[in-house]
Amino acid sequence: MRRQPVEALAEAPLLWAGMAALAAAIFAVDTLTDIDIAVAVLYVAVVLISVRTGRAGAVTLVGGSCGGLTILSFFLSRHGAPTTGLANCAISLLAIGITTTLAIRIGAAAEATRQAEARLAHMARVTTMGELAASIAHEVSQPLAAIAAHGSAAQRWLAAAPPNRDEARHALERVVADAGRAGEVIARLRRLVMRRPPSHDPVDLGEVIAETVTIVRSEVRRHHAVLRTEVDAGLPPVIGDRIQLQQVVLNLLVNAVEAIGAAEGEPRELQVAAATDGRTVTVSVRDCGIGVPPAALDRMFEAFYTTKPTGMGMGLAISRSIVEAHGGTVYVAPNLPRGAVFGFVLPLRPEG
Ligand SMILES: Nc1ncnc2c1ncn2[C@@H]1O[C@H](COP(=O)(O)OP(=O)(O)OP(=O)(O)O)[C@@H](O)[C@H]1O
Ligand SMILES: [Mg+2]
C-alpha cells in the first residue's frame, strides 16, 4: 500500500471530504440521539472507504479517528442507560479495530498483486529484448563472416605483386554490400519484434532464391554437395518484405547445408524450389542430410531449440515469425530416401 494510482490522487480531496461528512453525520446521530443500538458501528463504512486512498497510513489514521469519535461521543452522550452505552461503544470499537486491520491487509495484498503484475510486464519486455538480441546475433553473423572473408581477400589482392586493384575493388564492393545487408537485417528484425507490419512490395522469389544460393555456394562446395534450383516459369511475385524473405530462404538453406555436412556418404544433394498453384507460392528446401527424428518435428520452430553444439536455435524461429507476419505458414517433413524438407507457403493476395 505505498504507491497511489494517478486517479486516486486526483479524487483524493473529494474522498476525504466524503469521509469527513459521513463521519460527522454518524458522530451527530451517535451523540445527539438515545437510540439503543451501536450507531458507531457505521464508522466501518468510513474505514472501508479509506482503502481507496491506497495508503496504509491513511487507513490507520481514519480507523483511529473513528475510534476516537466513538469514545468522545460516549462521554458527550447524556441520554440512555450507561451500561448499554458502554456495551455499544465497546462493540463499535471492536468492529472499527477489526475492519481497520482487515482493510490494511487487503490494501497490502492489492499492492503485492500490483507489484507482481509490474514484475511480469518487466519480464515480458526483457524476454522480448532477449529474443531481439539473439535474433540480431543470429542474422548478422552471416553477413559479418562474409565481410571478414571479402575484406581479407581484398588485402591479399593488394599485397600481391603486382597488386590486383580490380579484384581488390570487387572484394571491397562486396564488403560494402554485405555491410548494407547487415544494417537492413537489423532494421527489419526490429520491425518484426515491434510487431510492425513488414514492407508491402512485390517480391520475385525466384530472384531472392538465386541471390541466396550465391551466398551459400562456397559452403555447399566445401561439403561436396550439389545444389539444384527449380523455380516455376512465370512465378508471380508475392507481396512482402524482400530482405526478410531472403533471411528465411537463407536460414533454411544454411540448415540444409549443415544437415548434409553432418551426414556421411551419398547422395549429397540439395534442392531449393518455388512453385505456385495460382493462389499460393510454396518455397521448399530439400536435403539428403541427417534428417529429423519424428518426435522432434513439433519442436523445430521453437526459439532456442537446437541440436547443434554451436547452434542458437533461432534460425527457424525467426523464419516462422517472418512467414507468419506475411500471412503464410511454415512446414517440415521427412525427405525420401533420407534428409528433410523445410518450406513455407505464402498467399499471393494477402488478406487485409
Ligand atoms: N535441414 C535440417 N535437417 C535436420 N535437422 C534440422 C534441419 N533444419 C533444422 N534442423 C533441426 O532444427 C534445429 C533448429 O534449427 P534452427 O535453425 O532454428 O537452429 P540451429 O540451426 O540449431 O541454430 P542457429 O540458430 O544458429 O540457426 C536444429 O538444431 C536441428 O536439430
Ligand atoms: Mg539454423
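**Overall architecture**

User: Among contacts in the protein between residues at least 6 apart in sequence, what percentage joins residues at least 24 apart?
Analyst: This is a predicted model, in which local features need pLDDT of at least 70 and side-chain atom pairs pLDDT 80 or more, while totals for chains, interfaces and linings use all residues. Side-chain values use heavy atoms without hydrogens or water, residues are numbered from 1 along each chain as written, and chains are lettered from A and ligands numbered from 1 in written order. A contact means heavy atoms within 4.5 Å. For contacts between residues at least 6 apart in sequence, the share that joins residues at least 24 apart is 73%.

User: How many helices and strands are there in the protein?
Analyst: Helices (DSSP H or I, at least four residues) and strands (E, at least two) are numbered from the N terminus. The protein has nine helices and seven strands.

User: Why is the protein described as more spread out than a compact globule?
Analyst: The globule rule is 2.2 Å times the number of residues to the power 0.38, and the radius of gyration is taken over C-alpha atoms. For 352 residues the rule gives 20 Å, so the protein is more spread out than a compact globule, its radius of gyration being 36 Å.

User: Where do the domains lie, and how many residues does each of domain 2 and domain 3 bring to their contact?
Analyst: An automatic or database assignment sets the bounds: domain 1 (6–123), domain 2 (130–193) and domain 3 (201–347). The contact takes 14 residues from domain 2 and, from domain 3, 16 residues.
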